[in-house]
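Please open the model in your viewer and keep the sequence panel beside it. The stops below say what to select next and what is to be found there.

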Amino acid sequence: MVLWAMVKWIFTHGDGDGICSGALALAANPDAKIFFTHPFGLLEDLKNASAGDVVIVCDIALSENNVSQILERFSDLSVSGNLIYIDHHPLPEWLPVESIPGIVIYDVGASSSELTYRFFESELAWPMDRVAIYGAIADYMDDTPIINKLLGGWDKRAVYFEVGVLVQGLEGHKRDYDFKRSIVSHLSLGLPPSLHQSLLTSAIESAKREEEIIRGLKEHIQIYGEVAYTLDFPFPLGKTAIYARALAGTRIGVAGERRSGLIDMSIRTCEERIDLNRILRRITLKLGGSGGGHPKAAGARIPEENFQKFIKELNEAALSTG
Ligand SMILES: [Mn+2]
């Protein structure tokens, strides 16, 4: 008989919801390895796992440009071992959820943390429900029946403080995976974010910096029709996109940064009628990139030379949806 060491993997996103999902999955699988990834890196990162492994993927959207290869990989992993896919991002429109191989926990109406909590609930003891609440608030998806019920066990104000520490503390640590891993294991032990000293220190620094930024950002914003955008502004993309839109008074905010010939972007809107996920999946593909996410908060990556075309297309889409 051949014995080999089966490895448990948790592939998760590096944002607040992803970190809380990872912490919940880790609390239920303390021997698992945590690996941070994103929609564009998942395929490559899954190569770390071998046949027979248990692979848990949390909070990673399936992106239009590599979804078929990812599904093939999911299929291989679920035949030889276990593949658990937990997510809440809209799927490519042609892809029915039933066609994703493996154990699939999918719901666009809840955070990935809530879904992870629900899946591993029987293996999670108090106070781990609080981590589901943290992740849900971090992703603005706390108004669900389950999260509201879980909140009944806590003082909302104390929980919001902890989420503030987590979200603000993560700012500026985008690719600092060791720092993020230390937070995942901290949370997986049931400890609150404010007891993680370097996270707390980082949160206070971020709060100070955010205050300076919102007072100085205005002169860095470019406006094209209903799109306000910034390029290489040294502040987290998601927040920059929110403030750019708000300060310019446009329908859409974009914050981009150059990375080896590509522009990585966060895109935000508050308009009910605009579905950024739909728009981005359509326009990025023909500009040689990829994109998608949630209706009001999404991301994209396109070749640098197509950035102006991208902004133009985004403006047209914003105008045509009301
Ligand atoms: Mn999420």
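## The metal site

Begin by selecting the manganese ion, which is coordinated by D17 (OD), D59 (OD), H88 (NE2) and D139 (OD) at 2.2 to 2.4 Å; donors here are N, O and S atoms within 2.8 Å of the metal (3.2 Å for Na, K and Ca), and water is not among the atoms, so sites may look incomplete. Along the chain, the donors of the manganese ion follow the spacing D-x41-D-x28-H-x50-D. D17 lies in helix α1 (residues 16-28) and D59 in the loop between β3 and α3 (67-80), so this pair ties together parts that are 42 residues apart in sequence. Helices (H or I, at least four residues) and strands (E, at least two) are DSSP runs numbered from the N terminus.

This is a predicted model, in which local features need pLDDT of at least 70 and side-chain atom pairs count only at pLDDT 80 or more, while totals for chains, interfaces and linings use all residues. Residues are numbered from 1 along each chain as its sequence is written, and side-chain values use heavy atoms, with hydrogens and water left out.

Are D17 and D59 buried or exposed? D17 is buried, with a relative accessible area of 0%, and D59 is buried as well, with 1%; buried means under 20% relative accessible area, exposed over 50%, and partly exposed in between (1.4 Å probe, protein chains only).

## The sheet and a helix on it

Next, switch to a cartoon view and look for the open sheet of 5 strands, whose order is β2-β1-β3-β4-β5 with parallel pairing; two strands pair if DSSP finds at least two bridges between them. At the edges stand β2 (33-36) and β5 (103-106), each with a single partner strand, so one side of each is left without a neighbour in the sheet. From one strand to the next, the twist averages 15°.

Now select strand β3 (residues 54-58) together with strand β4 (residues 82-87), which pair in the parallel sense over 5 bridges; the bridge partner of C58 in β4 is I86. Packed on the sheet is helix α4 (residues 112-120), which touches β3, β4 and β5 and whose direction makes about 140° with that of β4. Such angles run from 0 to 180 degrees between N-to-C directions, and the axes are lines fitted to C-alpha atoms, for helices over the stretch in contact.

Within helix α4, pick out T116, which is buried with a relative accessible area of 0%. Leaving aside its neighbours within four places in sequence, T116 is in contact (heavy atoms within 4.5 Å) with S21, L24, A25, C58 and I86.

Then move to V57 in strand β3, which is buried with a relative accessible area of 0%. Not counting residues up to four places away in sequence, V57 touches F11, L42, L46, F74, L83, I84, Y85 and I86.

## The nonpolar cores

Which residues touch the most other members of the largest nonpolar core? Of its 45 residues, these are I56, I86, I133, Y134, L166, I183 and L187; a nonpolar core is a set of buried Ala, Val, Leu, Ile, Met, Phe, Trp, Tyr and Cys residues joined through side-chain atoms within 4.5 Å. Select Y134 and show its surroundings: among the residues it touches, not counting those up to four places away in sequence, are C20, V159, L166 and L187. A second, separate core of 22 residues includes I267, I274, L276 and L314.

## Salt bridges

Finally, display the charged side chains, where the count comes to 19 salt bridges, each a side-chain nitrogen of Lys or Arg within 4 Å of a carboxyl oxygen of Asp or Glu. The side chains of E93 and R278 meet in one of them (3.0 Å, N to O). E93 lies in the loop between β4 and β5 and R278 in helix α11 (residues 276-286), so the pair ties together parts that are 185 residues apart in sequence. E93 counts as exposed at 59% relative accessibility, whereas R278 is partly exposed with a relative accessible area of 48%.

Select R259 and D264 last, whose side chains meet in a salt bridge (3.6 Å, N to O); D264 counts as buried at 8% relative accessibility. Salt bridges that share partners also join D107, E114 and R118 into one network.
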